[in-house]
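This briefing is organised by topic, with the cut-offs given where a term is first used. Please read it alongside the sequence and the coordinates.

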Amino acid sequence: MAAITLNILKPSVNNLTVRIFVRAAELDFEEQDVWGKTTSPEYLEKYPAHLTPMIEEEGLPKGTLGESCAIMAYLCNKHGLEEFYPTDPGKRAMVDNAMFYLIGTFYPLLTRATYPALGFPQYPGEVGTSAADDAMKATAQQDAEAALGQFFCGPAATDAAADDDGVVARILGGLHWVPTGVQPSNRPGMIGVVASNLATGSAVT
Ligand SMILES: N[C@@H](CCC(=O)N[C@@H](CS)C(=O)NCC(=O)O)C(=O)O
């Protein structure tokens, strides 16, 4: 068994960055195509954000790690890949600049420009999954619209959710509460709520 299991979706450009990186770095890895499986109970247990790329590796505190740039940074740190991720603060900042620009600025614009043509859902109910059919997208959109305003009103609201039956997932850099009763098929809608609130500037704690 390889040291790193890289969970991927083949058409994805986020995935492609890590797939090229592990080859260029000559790391010991194997790929697992999880098309249509990212919302399965097994995958959700490993990585509740149900996204790819995601690696499984022994040195990680929870055994798994998502986000393309976080994965590449971690593997560079672990294997001392100075040529890809320099330790000199200035040189590293240039790499971070490119990575944060990609994740925080460019990619959201790219998805908004291309998702409608690809038939993926947009706000509310954004963030598709390879398991999503039209019915799931419609449900996700309805859930997101119904839930708008319920989840993100500031610290008091999230404390209340914690006292209720919430579980927390860290998504899009904010803390995001998902009621335990929410089924995986509805989660894209919940993520859409976060995205909508971020987009409209509502408080997220
Ligand atoms: N910012 C994340 C984006 C991850 C992401 O959106 N992954 C999509 C593919 S592009 C995904 O796995 N979606 C779940 C699915 O389609 O089942 C990264 O760079 O890794």
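The buried residues of α3 are covered by a set of elements that includes α1, β3 and β4, where contact is taken to be two residues with C-beta atoms, placed from the backbone, within 7 Å, and where helices (H or I, at least four residues) and strands (E, at least two) are DSSP runs numbered from the N terminus. A residue counts as buried if 20 or more other C-beta atoms lie within 10 Å of its own, as exposed if 12 or fewer do, and as partly exposed in between, with C-beta atoms placed from the backbone. The model is a predicted one, in which local features need pLDDT of at least 70 and side-chain atom pairs count only at pLDDT 80 or more, while totals for chains, interfaces and linings use all residues. Residues are numbered from 1 along each chain as its sequence is written.

**Overall composition**

- The chain has seven helices and six strands, and from the N terminus on its elements run β-α-β-α-β-β-α-α-α-α-β-β-α.
- Of the 205 residues in the chain, 28% are buried.
- Among the contacts in the chain with a separation of 6 or more, 59% are between residues 24 or more positions apart.

**Helix α3**

- The twelve residues of α3 should span 16 Å at 1.5 Å a residue, and its end C-alpha atoms are 17 Å apart, which agrees; the expected span of a helix is 1.5 Å times one less than its number of residues.
- Ser 68, Ile 71, Met 72, Leu 75 and Cys 76 are the buried residues of α3.
- Those buried residues fall within an arc of 130 degrees when seen down the axis of α3, so they line one face of the helix; the arc is that of the directions from the helix axis to the C-beta atoms.
- Gly 80, which follows α3, has a positive phi near 60 degrees.

**Helix α1**

- Helix α1, at residues 13-24, also has twelve residues, and from its first C-alpha to its last it reaches 16 Å, close to the 16 Å expected at 1.5 Å a residue.
- Asn 14, Asn 15, Val 18, Phe 21 and Val 22 are buried in α1.
- Viewed down the axis of α1, its buried residues lie within an arc of 125 degrees, so they line one face of the helix.
- Val 13, Ile 20, Arg 23 and Ala 24 are exposed on the other side of α1.
- The cover over the buried residues of α1 includes β1 (4-8), β2 (29-33) and α3 (68-79).
- Helix α1 lies across β1 and β2 and runs at about 150 degrees to β1, with axes being lines fitted to C-alpha atoms, for helices over the stretch in contact, and angles running from 0 to 180 degrees between N-to-C directions.

**Sheet**

- Four strands form an open sheet of mixed pairing in the order β2-β1-β3-β4, two strands being paired if DSSP finds at least two bridges between them.
- β2 and β4 (64-66) stand at the edges with a single partner strand each, so one side of each is left without a neighbour in the sheet.
- From one strand to the next, the twist averages 25 degrees.
- β1 and β3 run antiparallel and are joined by four bridges, and Ile 4 stands opposite Glu 57 in β3.
- β3 and β4 pair in the antiparallel sense over three bridges; Met 54 has Gly 66 of β4 as its bridge partner, and Glu 56 stands opposite Thr 64 in β4.
- The hairpin of β3 and β4 has six residues between the strands, and in this hairpin Gly 63 takes a positive phi near 85 degrees.

**Nonpolar core**

- The largest nonpolar core has 16 residues, of which Leu 6, Val 18, Val 22, Met 54, Ile 55, Ile 71 and Met 72 touch the most other members; such a core is a set of buried Ala, Val, Leu, Ile, Met, Phe, Trp, Tyr and Cys residues joined through C-beta atoms within 7 Å.
- At least two residues of this core come from each of β1, α1, β3 (54-57) and α3, and the largest share, four residues, is supplied by α3.
- Apart from its neighbours within four places in sequence, Leu 6 is in contact with Val 18, Val 22, Phe 29, Glu 31, Gln 32, Pro 53 and Ile 55.

**Loop between β1 and α1**

- Lys 10 is found in the loop between β1 and α1, and Lys 10 is exposed, with 12 other C-beta atoms within 10 Å.
- Not counting residues up to four places away in sequence, Lys 10 touches Asp 33 and Trp 35; the C-alpha atoms of Lys 10 and Asp 33, which are 23 residues apart along the chain, are separated by 7.1 Å.
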